[in-house]
Amino acid sequence: MKSLTSSSGLSKALLVAFLCLSSWGFLIRDDVGRQVHFDAPPKRVVSLAPSVTKAAFLLGAGDKLVGVTTFCTQPPEARLLPKVGTVVDFNIEKILKLKADLVIGTTLASRGLLRKVESLGVKVLVFEAPKSFRELCGQFMKLARVCLLYTS
């Protein structure tokens, strides 16, 4: 039996993993315990948190952001993006006009507005304010997985 560590075995294993991920999607558990299923990679993301906006740009995924809050001023490129409201109160109509397929908010955001956005077919991830470096890294990795796993 051929070892998976051989180049052809590893290539086959990676191909199978890719096909499984691309045809079945993936799940992410947000910080409030909800599991969010992604059938396809999000292409149009609205960030409702300055920390998420900054992290997206650090990850090289700033081009996926189509809307941010009025508080999202870093990096300077974020200032040029359309504003959808604040961290707490945002305009659902603006989010829909931007054709967002993912909204990333925090526990400060109106739960009612987040539920309404989700009921209109937009995926929603909620992050809590990190209480430790480990939680901060965990959020960064979740964002990387969502924004970069399927980067074409």
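Which strands does helix H2 lie across, and at about what angle does H2 run to E4?

I began with the ground rules: this is a predicted model, in which local features need pLDDT of at least 70 and side-chain atom pairs count only at pLDDT 80 or more, while totals for chains, interfaces and linings use all residues. I number residues from 1 along each chain as its sequence is written, and side-chain values use heavy atoms, with hydrogens and water left out.

**Helix on sheet.** I found helix H2 (residues 50-58) lying across strand E3 (45-47), E4, E5 and E6, and running at about 150° to E4. Axes here are lines fitted to C-alpha atoms, for helices over the stretch in contact, with angles from 0 to 180 degrees between N-to-C directions; contact means heavy atoms within 4.5 Å.

**Sheet.** I then traced the open sheet, whose four strands follow the order E4-E3-E5-E6 with parallel pairing; two strands pair if DSSP finds at least two bridges between them. Strand E4 (65-67) and strand E6 (123-127) each have a single partner strand and stand at the edges, so one side of each lacks a neighbour in the sheet. The twist from one strand to the next averages 35°.

**E5 and E6.** Strand E5 (residues 102-106) pairs with E6 in the parallel sense over five bridges, and I noted phenylalanine 127 in E6 as the bridge partner of threonine 106. Helix H4 (residues 111-119) packs on the sheet, touching E5 and E6, and its direction makes about 150° with that of E6.

**Whole chain.** I listed five helices and six strands, which are DSSP runs numbered from the N terminus (helices H or I, at least four residues; strands E, at least two).
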